[in-house]
Amino acid sequence: MKKNKMIERAIHGVFLILGLLTVGCVLLITIYLVISGIPAITEIGLFDFLFGTEWASTAAEPSYGILPFILTSVYGTAGAIIIGVPIGFFTAVYLSKLANSKVKAFMEGAVSLLAGIPSVVYGLVGMLVLVPAVREIFDIPDGASLFSAIIVLAIMILPSIIKVSMTALEAVPKEYEDASLALGATPVETYFRVSVPAAKSGIAAAVVLGVGRAIGEAMAVMMVSGNVPNIPSLFQSVRFLTTAVASEMSYSSGLQQQALFSIALVLFLFIMLINATLNFFLKKEKD
Amino acid sequence: MLSKKRKAYIGGMKAAMYISTGLTATLVIFLVAYVFIKGIPHISWELLSTKPSYISGKIGILPDILNTLYIVIATLIFVIPLGVGAAIYLTEYAKNKRLVGMIEYAAETLSGIPSIIYGLVGMLFFCQFLSFKTSLLSGSLTLVIMNLPTVMRTTQESLKTVPKSYRDGAFGLGAGKWRVIRTVVLPSCVDGVITGCILSIGRILGESAALLFTAGFAHALNGIFEGLTSPGASLTVALYVYAKEQGEFGVAFAIAAILMILTLLINLSATLVSRYFAKKREL
Amino acid sequence: MSDIMTAKDLNLWYDQTQALKNVNITIPEKSITAFIGPSGYGKSTFLKTLNRMNDLIPTVKIKGEVCYNGQNIYDSSVDVNELRREIGMVFQKPNPFPMSIYDNIAYGPRTHGIKSKVKLDEIVEQSLRDAAIWDEVKDRLKKNALGMSGGQQQRLCIARALAVKPKILLMDEPTSALDPISTSRIEELAIELKKSYTIVIVTHNMQQAVRISDNTAFFLLGELIEYGETEKLFSQPVDKRTEDYITGRFG
């Protein structure tokens, strides 16, 4: 009898540990990034690090300013959102409200496929189709540029935006729509003036999720953005926060490597901010 | 009669919807077709069954296929018990709402962290701190953390569908909590675990940034135990290296086509599995 | 007849709401005791305190005593699982596990450590016979229990409860989800079972209480209003509220 209770308690303990595993992982990641990211920042100086415009990690007199990377990530994400969100939004409204079941089933499969394609495949196709096309069309010396990266990111965030928006739109109670239709509004007017506002928190969550995806993507943009630490402009080669880490990590050491950890820490802070925003919108949608 | 203004609004919105949906569809069809057209001609038995040789200058991707397989197996072996256990804790044991909220928020956070950061922390923790070196094992353990929230969530969803009356019936017969979970709750959540596995396999197959610094680039032909302790490139990493660093676009597209086929298969099986279990549940 | 269970000054709260107020009752052995009263007024809640099923609801708070064979079941030394083996329960909605008929019946004995196939076979057959369902299912013991009709499922659940050889069987409105024919079979079964078991049954159906029970308790607003021999309670109720209820003036 006592023994049974002990066993039950031990099992409870094991499950408690498993339950806390996710929390442990988040702590592990945070602690590692902070511990390994702080030294370089203190050595370089927070201001020089964040707002320095020159990154020359392998020069005889190295400088470690990551403003170019921050700006590239921000511009790149903003560009991807500007292009990807409208396309994803209108597709989601069409699929959740107007499309017949065959079109819907086909497109849902297509969107899942889009979500499942590995990022290196996007990078590969981008490298061989998009980059030469951008070079031809805009008549620039190298098509590997911020613009190409924005297009690839816009495509890569489409599935998140479509799926999450669709879920929100489909959850809108039919009574709202019926009421609007009964007042003489056409279906299309009803969807955009009643359903979309009713689903706005969910759609906002979709956009924030897209921001997170775009800012965190590394491999695909590495293959199409040229990877040069310029202050970003649309048709120039650029380097993102993610690609800055990825491209130098394998051969770096000393302060250079520590600076890469600091970049990762900055990226992580961006992501935590985005997560908090996402959570805010998701909670709002639940209420 | 609708006013001109209303007609224009409706027309405009309709056009925007058709154009967007058409664009998305075209994009997917183009991607699939392009990758297949460029890649399938390069897939040969020789490519699939050999390792790269500097002497003959030929490229084979058998090691990369095996590495990917090993990573998938190792990751699942760890992530399934951990994820299922976490889900059981949340649905069956946890009573403190704040603790549940904290665990769920942590899971949300984990699924939002970019893979490059996982790669970095995996390198610091598994390769260096635990001195597993750059190896498939380090890579797999990194992927375990990445996929933990997925398995946890799908299991949680299916645990929620187990009727309370099953639990009551078992408790009413004098079964202890662990026995109730083992005999009544767990057998009913197989669908969630399988869905979680399929989603995880999809993510593992597509992952590259997290493996770059944890599992490495080698193309050696190994058995599973040898393989786990030595560095090796997965298919995605091999694609990257062949395309970006060696300019071997034929091989890169062949791998891309293989990955595309696998992605299609995984999506298909996910749909079939959920349909199968939905039908079974109706009975 | 000796008393097998006694509740003394039993109070129960869900969060802040008091659901049971000072309930005092003694339940005699090898008889059928019925709890009647309008729905939502404490009879099911009280039934569940008798084998501590309320423990599973975290917000429930209990004060007072429930004695089984002289031992307070809320005492910290009591093993809840052993208690629930001796005091079995049949639920409002039939709730067979999604397993075979055989495995459903064998679940309890296996839980309590019986592994021998011969012994299990014997218990399964005996329990199904006791629940008067053996002839209907003996050829399909390996079939999934969810394929049975509602009435069969409920008798299966009774058999499942009997398989652990309880002393008391608590039945929480066991026929409310069933058709009249299945209901009368369960009632016959209950009368048959009281030869060897003590049965406590919650019912919203007064005819049922009259038909099968020896004693009846009337609950209202969490209080035990009146308790006595069934025949007497229905023919000459003492309390005005009992009279109003059994003559159909409310509830």
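Which residue of E7(C) does C:Val90 stand opposite? Keep that in mind as you read; the notes below reach it at point 4. Please remember that this is a predicted model.

1. Let's start with how chains A and B meet. On the chain B side, 69 residues are in contact with 67 residues of chain A. Helix H1 of chain B, covering residues 4-39, gives the most to this side, with 15 residues. Sorted by class, the side of chain B that touches chain A has 51 nonpolar, 14 polar and four charged residues.

2. Next, look within chain B. Its domain assignment gives domain 1 (4-42) and domain 2 (45-282). Taken over C-alpha atoms, the centres of domain 1 and domain 2 of chain B are separated by 32 Å. Where they touch, domain 1 of chain B puts in seven residues and domain 2 of chain B eight residues. The domain 1 side of this contact has four nonpolar residues, two polar and one charged.

3. Now turn to chain C, where you can find an open sheet of six strands. Strands E6 (87-90) and E10 (223-229) of chain C are the edge strands, each pairing on one side only. On average, and with direction ignored, neighbouring strands of this sheet are turned by 15 degrees against each other.

4. Here is the pair from the opening question. E6(C) runs parallel to strand E7 (residues 168-172) of chain C, and four bridges join them. The residue opposite C:Val90 is C:Met171 in E7(C). Helix H6 of chain C (residues 150-162) packs on the sheet and touches both E6 and E7 of chain C. The direction of helix H6 makes about 170 degrees with that of E6(C).

5. For an antiparallel example, see strand E1 (residues 3-14) and strand E2 (residues 17-28) of chain C, joined by eight bridges. C:Thr6 has C:Thr26 in E2(C) as its bridge partner. E1(C) and E2(C) form a hairpin, with two residues between them. In the turn, C:Asp15 has a positive phi of about 50 degrees.

6. Finally, which residue of E4(C) stands opposite C:Met5? E1(C) also pairs with strand E4 (residues 60-68) of chain C, in the antiparallel sense and over eight bridges. In E4(C), C:Tyr68 is the residue opposite C:Met5.

Note on methods: Residues are numbered from 1 along each chain as its sequence is written. Chains are lettered from A and ligands numbered from 1 in the order in which they are written. This is a predicted model: local features need pLDDT of at least 70, side-chain atom pairs count only at pLDDT 80 or more; totals for chains, interfaces and linings use all residues. Two residues are in contact if their C-beta atoms, placed from the backbone, lie within 7 Å. Ala, Val, Leu, Ile, Met, Phe, Trp, Tyr, Cys and Pro count as nonpolar, Asp, Glu, Lys and Arg as charged, and the others, Gly among them, as polar. Domain bounds come from an automatic or database domain assignment. Two strands pair if DSSP finds at least two bridges between them. Axes are lines fitted to C-alpha atoms, for helices over the stretch in contact, and angles run from 0 to 180 degrees between N-to-C directions.
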